Amino acid sequence: MPDMKRLEELESRIPHDGVRTRFAPSPTGYMHVGNLRTALYTWLIARHAGGKFILRIEDTDQGRLVKGAVDVIYRTLAECGLDHDEGPDVGGPVGPYIQTERRGFYKEYAELLIEKGHAYRCFCEKSESGEDSGDFSRSEDPCRALSREEADARAAAGEPYVIRQRMPREGSTTFHDAVYGAITVENKELEDQILLKSDGLPTYNFANVIDDHLMGITHVVRGAEYLSSAPKYDLLYRAFGWEIPTYVHCSSVMVTDAETGAVRKMSKRHGDPSYEDLIAEGYLTPAVVNYVALLGWSPGGEREVYSLRELAEIFDIHGVSKSPAVFDIAKLTWFNAEYIRAMAPEAFARAAEPYIRRAVRDPAIDVLQVAALLQPRTEKLSDIPEKVDFFDAVPEYDAELYVHKKSKTDIPGSLDTLRRLLPALEAVESWDDESILAVLTAMAETDGVKNARIMWPLRIALTGRAVTPGGAVEIARILGKSQCVARVRAAIDKLS
RNA sequence: GGCCCGAUGGUCAAGUGGUCAAGACGGGGGCCUCUCACGCCCCAAUCGGGAGUUCGACUCUCCCUCGGGUCACCA
């Protein structure tokens with residue numbers, strides 16, 4: 001029944017030239033941190049070995065198609081630097097790379113399996129999940145005992161059917177995983193899983209085996225949620241007589257539920273952050289990649305900051321951990337701040353500009369100077385606007401702000417300071433840090449007080465905030481002389 | 001519930017029979033200082049429990065407990 005000529009042609013295309021890995025997402029329009037990590041490790045294994053990284057789209061679930069979903073995958077991989085050598089968009093020797101475009105292949109192989117006695121047609125009604133409506137457990141599926149002749153006849157007559165894998169009833173199966181080691185299960189625990197659905201499309205489990213084989217995949221990297229179905233894969237490979245690839249199962253990425261405090265798997269359903277969500281929140285791509293790489297994998301030393309390229313050099317399956325890892329936004333935030341501080345000032349300014357301009361419309365305010373103040377104080381870009389809004393206008397504030405114990409200031413004293421500061425500032429010729437600072441320190445010296453006694457009132461008058469990025473001198477410089485003088489005047493009026 | 005996997009501080013984790021059990025984040029304290037940050041220093045905090053094996057267990061074995069996963073014509 002199967003077209004052997006065609007199968008031979010397919011098999012003849014399989015590359016046998018070193019490591020080949022693949023990222024095989026289903027297009028849901030959402031790449032959460034767990035998906036990203038799987039893609040990253042998969043890419044890392046290929047690049048570390050100088051092999052090929054392939055992108056394959058698993059869209060066999062016709063009921064869950066989301067338009068534009070594939071674009072999210074392309075965009076995310078590209079932004080993260082996870083370039084692929086073969087895929088729907090770039091082609092390759094073992095295409096097509098979209099499963100629905102390969103539908104003919106699966107059918108042939110399913111038929112081949114029936115031929116070999118490792119699969120059979122099942123005409124039973126679809127079993128509703130949830131309710132256990134079946135009158136028989138799968139192990140006693142009546143179709144399993146149907147003769148080939150009868151099954152073929154019913155199929156030929158147009159009766160709908162699915163093709164199920166015929167699991168051995170006795171014995172056990174042991175498969176090997178690169179991170180979990182050997183895992184053995186009793187064959188009687190294995191269900192006669194569906195290989196080909198009644199719509200002619202393969203199930204995930206079947207399509208995976210067929211495609212991984214036909215694409216010459218040497219290392220199958222996937223989430224640990226597939227661990228329990230792995231023995232079925234081995235049985236399938238053996239039934240076909242194919243070489244079994246190296247399996248690399250990665251533990252799940254968990255998250256602590258904000259409401260219940262319970263640890264659960266990350267999911268779209270609960271609104272857990274996707275890659276795009278994180279970027280929108282002001283996280284930098286390399287920081288996210290770096291953090292995710294270390295979430296469930298350790299290079300072993302004390303170093304934590306690595307570029308993608310460095311990761312590719314040192315990545316080793318040996319460091320992949322078996323237990324689930326909890327996503328910690330605080331640690332990601334630290335990585336992000338670390339990357340921000342390491343940026344060239346101009347690069348940071350460019351990245352920060354849109355966020356600065358969201359709060360600072362005044363074109364007289366120089367973005368580069370503001371960015372310089374912000375760089376060491378920014379953990380994520382989205383924090384920026386609220387830190388610099390005072391540049392546009394002094395917000396409403398309480399005069400109590402002038403009272404600061406450490407600087408030894410109070411309201412009357414501040415008023416006096418500002419009154420005397422006004423003419424001095426107006427007299428400054430060249431409006432730069434040194435000159436401004438000179439005026440302030442000179443007054444402090446004259447008064448015989450600490451600089452803070454003078455700086456604090458000025459800064460409050462200029463910003464109306466207790467906490468600001470940068471000190472009185474830097475802010476005065478950026479504001480410019482006239483704006484600075486105007487704000488000091490306004491503050492004097494306010495306190496008088 | 002059956003089956004599978006896992007278990008070092010709150011989190012990420014090193015560790016592979018003999019260590020005062022790394023490091024990082026977060027937390028606490030301090031220094032620096034024109035606020036805040038940055039930077040620097042210090043502190044608290046971990047081998048889930050019980051049996052074994054061994055001269056000696058975080059490291060090996062078993063049991064318990066607790067986590068997680070899986071039991072779809074979804075991936």
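Which residue stands opposite Leu196 in S7? In this predicted model, the residue in that position is Ile163. The pairing belongs to strand S4 (residues 162-165), which is joined to S7 by two bridges, the two strands running antiparallel. Both strands are part of an open sheet of three strands, ordered S3-S4-S7 and paired in antiparallel fashion. Strand S3 (119-122) and strand S7 (194-196) form the edges, each pairing on one side only. From one strand to the next, the twist averages 45°. In general, the strands of a sheet pair through backbone hydrogen bonds, in either a parallel or an antiparallel manner.

A helix pair was examined next. The axes of helix H16 (residues 433-447) and H17 come within 8 Å and cross at roughly 130°, which makes H16 oblique to H17. The crossing of these two helices is right-handed. To the contact, H16 contributes Leu440, Thr441, Met443 and Ala444, while H17 contributes Asn451, Arg453, Ile454, Met455 and Leu458. Classified by residue type, the contact of H16 with H17 comprises six nonpolar, two polar and one charged residues.

Helix H17 also takes part in the surroundings of the RNA. There are 64 residues around RNA strand B, of which Lys126, Tyr204, Ser323, Val326 and Gly471 come nearest. Two or more residues of this surface are given by each of strand S6 (181-186), strand S11 (263-265), strand S12 (325-326), helix H11 (329-342), helix H17 (451-463) and helix H18 (472-479). The most is given by H17, with four residues. By class, the surface near RNA strand B consists of 27 nonpolar, 19 polar and 18 charged residues.

Notes:
Residues numbered from 1 in each chain as written. Chains lettered and ligands numbered in written order. Predicted model: local features only at pLDDT ≥ 70, side-chain atom pairs only at ≥ 80, totals over all residues. Near = placed C-beta within 6 Å. Nonpolar A, V, L, I, M, F, W, Y, C, P; charged D, E, K, R; others polar. Pairing = 2+ DSSP bridges. Axes fitted to C-alpha atoms, helices over the stretch in contact; angles between N-to-C directions. Parallel < 35°, antiparallel > 145°, perpendicular 65-115°, else oblique. Left-handed = near helix turned anticlockwise from the far one by under 90°. Contact = placed C-beta atoms within 7 Å.
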